[in-house]
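User: Could you take me through this structure step by step? I am new to the subject.

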Amino acid sequence: MNTLFRTCPQSGLQFDKTAETLMKANAVAGVVFLLVGGILALLVTLTRWPAVHLLPADTFYMTLTAHGIDMLIFWIIFFEIAVLYFCSSTLLRCRLATPRLAWLAFALMLIGSVTANVAIFRGDSSVMMTSYAPMQAHPAFYLGLILFAVGALVSCFIFLGTLVIAKAENTYEGSIPLVTFGALTACIIAVFTIASGAIILIPTFLWSVGLISHIDPLMYKTVWWAFGHSSQQINVSAHVAVWYAIAAIAFGAKPMSEKVSRTAFLLYILFLQLASAHHLLTDPGISSEWKIFNTSYAMYLAVLASMVHGLTVPGSVEVAQRKKGFNKGLFEWLRKAPWGNPVFSGMFISLIGFGFLGGISGVMMGTEQLNLIVHNTLYVPGHFHATVVVGTTLAFMALTYFLIPVLFRREVILPGLAKWQPYLFGIGMGAFSLFMMGAGTLGVSRRHWDIAFAGSPMAYEYPATAYLLLGLMAVSGLVAMVGGAAYLLITVGSLLWGKKLEPVSYRKETVPLRLAPGAPAIEAHGGVGVGGFAAPGTFVLALVFLVSFVLYYFINWKYLSQTWGLS
Amino acid sequence: MSAILPPESRVWWKQPVDRVEGMWIALALIWSLIMFFMMPYWHVFGKQNLSNEAYRTTPEAFSAKAQAMVDQYTVRTETEQKIPVVRPPAGSDVYLISRLWQWWPILELEAGKSYRLHLTSMDYLHSFSLQPENLNLQVIPGYEGVVTITPTRAGKYSVVCNEYCGLGHHTMVSSLYVVNK
């Protein structure tokens, strides 16, 4: 097959023409699902706002099922496939492996995602994203997910194949870039995730068509979460890779230490998936030893890795800024950062939100005993809206502002709105998560149509604060949705009506990446920083994070100690 | 040069780790170990732990045990459905059935006394959410989980189902009484 390449005059990145089209197709499909999921988010929010209570119960449960799957699976994985192709073919300057197969994979994912949506909107598959057996969905629901997963799996292998081609055809020297290494981490986790999905969804599909008589509910729940939770771990690895990419793009930031950052990714590969145990902590029939080992990622080694990334990403930005001359005091580098550039502001809000809101709450509720006071409450979606929406989705949004000119060759329209978009979305969604967690600590259930239990003779009356928090949650959610709508408007508008950038010519040869002759001396960070610390500002921020973490963690043990005795 | 390019030097792993990173890794590792050991610590010294006692069961077997308890210890009935309110002796085994969309029967317990609470589901997954204590336990059909509970304060509590169990999920709520002797 003829492969054609172009070099982007703005960024210097090189694109393989077929890979470029595939990235566009996957990213656009992802954004379409973000739009669908966003409309559903509006309906769900307006129903859980007690003062509005928009949808009837059956429509609400159907809408919530579709919202979860369209956002958590379809939007994010489509976009991730685009990121995988970018991190292999573009960053390594080589052709994409088996482009025809990549189109087949895309088609499978598209057919699968549409099939699952049709099944849900028929109305007989309102089983939530978790679809816990023995509650049964229409067979098309499982079939759609299986087709999507097969497509995603093929795409993962195309990413791996592209790495092999780059090595074989010598398109780069030395080791793969850190960002590609992060994408490789995401890919390895994705293969594990999708294999787990196949192991549980294929028998469940056969059960739904009557070929298997019984699915053990605890077995289902255990294996399903190896798919359901791990798919969120793909996101963590992918958005951390995107953070590093944006630090490099926006600041020319160099990793503080390749060794440290790569080791942290390696810890993800080894330990991150154990976290699927978080969902089984109050289940009968599973031992405490199993729960403690798994829920803690074997002594919190994946949390350690996230804390390392949380330091090294802003740390590398700080070092780059200090080298540019913003070297005064602790925080000049941060004050003088390009806060009006949505690529940077989106990344930075994503990082802070993921760490402070998503990370701390996740570790708290992933503690075996502490889970007792939050399991299945609104605290849980509060936590994962901070990780997956503020963390992953906002990081991907930030990357989009870079990709519109570089990949799609269009100018970003409405730059004034784009400047504000990450703030609206990130802060709105951060507040949304916080209020949800607050309502959860008051016992408000997740996935619940009516917390007033209208019509039940033994209705429980939640404290008035719970209603207040749900109202605040809804208002913050609406702010975030305005931010989300702004993103969709800017993205779709730029692709349709953005000013076309100057056309670039394609050629047949790749321009391989070569290291500068004479390896530079290995040295520290060029004498920037304060008191022997290259990134003292980041270190102070990290200490603030650690103190918040420790306090919040022990406050929850205090809460737990005041409840009923359990043994 | 940057994270999107291969490392400048082929032997990047020889670059010494900066002091900021070294100190942070040490702090984070210590914190990780503290958090890890908190869980076994609480099993030994804490008062809120799950028992790990569980059995396979069937709806018939569990219903029979619950019915026997209801026959022996019912003190009154509540609501139009005449749901029995059961006051079993302190220290005994108490059985709570969850099914679409009801908890059965209603329990009346004594503050400060311990009971062996058995939970299972007759159909889909449910979740026992005790309010306003906000204690939450997953309930899985086919599995009988046993946990010893010790209510602290007298009062009227509610048991909410907080695992989605179909269209009537939001109507699945019951009472639980804790009384002083």
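Analyst: The following answers cover the model, its chains and some backbone details.

Analyst: This is a predicted model, in which local features need pLDDT of at least 70, side-chain atom pairs count only at pLDDT 80 or more, and totals for chains, interfaces and linings use all residues. Residues are numbered from 1 along each chain as its sequence is written, while chains are lettered from A and ligands numbered from 1 in the order in which they are written.

User: How many helices and strands are there in chain A?

Analyst: Chain A has 15 helices and 3 strands. Helices (H or I, at least four residues) and strands (E, at least two) are DSSP runs, numbered from the N terminus.

User: And how compact is chain A?

Analyst: Its radius of gyration is 23 Å, close to the 24 Å of the globule rule for 567 residues, so chain A is as compact as a globular protein of that length. The radius is taken over C-alpha atoms, and the rule is 2.2 Å times the number of residues to the power 0.38.

User: What percentage of chain A counts as buried?

Analyst: Of its 567 residues, 61% count as buried. A residue is buried if 20 or more other C-beta atoms, placed from the backbone, lie within 10 Å of its own, exposed if 12 or fewer, and partly exposed in between.

User: Which strand of chain A pairs with β10(B)?

Analyst: Strand β3 (residues 565–566) of chain A pairs with β10(B) in the antiparallel sense over 2 bridges. Two strands pair if DSSP finds at least two bridges between them. G565(A) stands opposite T150(B) in this arrangement.

User: Changing topic, where is the place of P134(A)?

Analyst: P134(A) is in the loop between α3 (99–124) and α4 (139–168) of chain A. The peptide bond from A133(A) to P134(A) is cis, with omega near 10 degrees.

User: What about T79(B): buried or exposed?

Analyst: T79(B) counts as exposed because it has 12 C-beta neighbours inside 10 Å. T79(B) lies in the loop between β2 (74–78) and β3 (83–86) of chain B, and its phi is near 65 degrees, a positive value in a residue other than glycine.
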